[in-house]
Amino acid sequence: MGEFVCARSIAVGEVKPTEPILRIRIGITDVGMVAIGSGLSCLQFLDISYCRKLSDKGVSAVTEGCYDLRSLHLAGCRFVTDRVLQALSENCPKLEELCLQGCTNITDSGLTVLANGCRGMKHLDVNKCSNVGDGGISSVAETCSNSLKALKCLDCYKVGDEAVLSLAKFCKNLETLIIGGCRDISDMSVRSLAYAACNHSLKRLRMDWCTNVSDSSVKCILSQCTNLEALDIGCCEEVKDAAFHGLEGKLGLRLRFLKVSNCSQITVAGIGLLLELCSSLEYLDVRSCPHITEALCNEFGLQFPSCCRVNFSGSLSVPDVFV
C-alpha cells in the first residue's frame, strides 16, 4: 500500500484516487480536508495528527467521502468535538482504529454514538481526553465487545472502576489496556479484570499512578493473566512484596517488561521472588525504589536473566511497549 506525506499543503490531484494511505503532519486546513473527502474515496488510513487548525467541518467532510475508512488518527486536533464521532458513526461503519489523544472536547456521549455505528472497533486511543469517563468507556466495551483489542485511557481522571468492570464483563479479546493516571480505579475492578474472559488475551497492562491499587490485585493479575508480557505499576505506592508471594505454583510467567518505579514498599526480596518465575524478563524499571538499588541486588545475590536490562537510575532508554 502506498503513502503520501505532505509538509504544508496537499494537492489532491497529485495523489492517486486509489491510494489507501495518507499521512499529513502539519499545515492542512478544513479546505484541504474537503478536497480529500471529495477526491480520495478509496482512502482507508488517514493520519492528520497535530494538524491543529482542523475543525469538525473538515474531518466530517472526509467521513462523508471516504466511507471505506479503517484507521483515523486525530491526536492533538484540539478543535475536534463529538460531531466528528457522530459523522464517523453514520458514514464509516468499517472503522477499526481511532486515535483521539488529547482531543479534550470529546465526551462520553460522543463515544456512545461512535460505538453504535462502528461496532468493529479494535483500537481506541482516548489518552488525555479529560472529559471521557465511565459512561463512554462502558458503552464502547459493551457495543464493541467482540472486536476491541486495545484501549488507551492515560490520564483520563474521570475513568474509574465502572469502566474497568465493563471491560472485564464484555471484552474477551482485550490485549492492551492503558489506565495509567486513572486514580479512582481500585483493587475491586482490577481483580475482576484478572478473572475475566480476557485474562488469557491480555498482554499489556499499564496502570501507573493508580494509587488505590495494591498488592492484592497485582498478585491476581500476575497469577491469572497467563499471557501477560508487559506490566507498569509505577507510582502505585500501596503495592508491596506480597504482590509476588504465592506465585510459586505457576509454571512460569511470560512477563518481559516490568516497571515498578517509585514503588517505595517493594524490596529486593520481592523482586527475587518474581525473578524465580520470570526467565523471559527483558526490562525491569526500578528507578526511585529506595529498597532496590544495584548494591542491594548484588548483596542479595539476585540473578537477572542474561537478556534483562535493569534500569536503576534512568540511564537506560525506556522501551515503549504500550504503543
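How do α2 and α3 lie relative to each other: roughly parallel or roughly perpendicular? Some notes on that and a few other spots follow.

1. First, the ground rules. This is a predicted model, where local features need pLDDT of at least 70 and side-chain atom pairs count only at pLDDT 80 or more, while totals for chains, interfaces and linings use all residues. Numbering runs from 1 along each chain as its sequence is written, and side-chain values use heavy atoms, with hydrogens and water left out.

2. On the opening question: the axes of α2 (56-65) and α3 (residues 82-91) come within 9 Å and cross at roughly 5°. Axes here are lines fitted to C-alpha atoms, for helices over the stretch in contact, with angles from 0 to 180 degrees between N-to-C directions. The two helices are therefore roughly parallel (angles under 35 degrees). Helices are DSSP runs of H or I with at least four residues, strands are runs of E with at least two, and both are numbered from the N terminus.

3. Who makes that contact (heavy atoms within 4.5 Å)? From α2 come Asp 56, Val 59, Ser 60, Thr 63 and Glu 64, and from α3 Arg 83, Val 84, Ala 87, Leu 88 and Asn 91. By class, that is four nonpolar, three polar and three charged residues (Ala, Val, Leu, Ile, Met, Phe, Trp, Tyr, Cys and Pro count as nonpolar, Asp, Glu, Lys and Arg as charged, the others, Gly among them, as polar).

4. The largest nonpolar core has 101 residues, and Leu 74, Leu 98 and Leu 111 have the most contacts inside it. Such a core is a set of buried Ala, Val, Leu, Ile, Met, Phe, Trp, Tyr and Cys residues joined through side-chain atoms within 4.5 Å. Buried means under 20% relative accessible area, exposed over 50% and partly exposed in between (1.4 Å probe, protein chains only). Helix α9 (residues 268-275) gives this core its largest share, five residues. A second, separate core of seven residues includes Ile 178, Ala 230, Phe 257 and Val 321.

5. Leu 98 deserves a look: beyond its neighbours within four places in sequence, its contacts include Leu 72, Leu 74, Met 121 and His 123.

6. Helix α5 (residues 134-143) is mostly covered, with seven of its ten residues buried. Asp 134 is one of the buried ones, as are Ile 137 and Val 140. The cover includes α4, β6, β7 and α6.

7. Tyr 50 has a positive phi near 65° and sits in the loop between β3 and α2. Trp 209 also has phi near 65°, in the loop between β9 and α8. Tyr 50 counts as partly exposed because its relative accessibility is 40%; Trp 209 is partly exposed too, at 38%.

Key: Contact = heavy atoms within 4.5 Å. Parallel < 35°, antiparallel > 145°, perpendicular 65-115°, else oblique.
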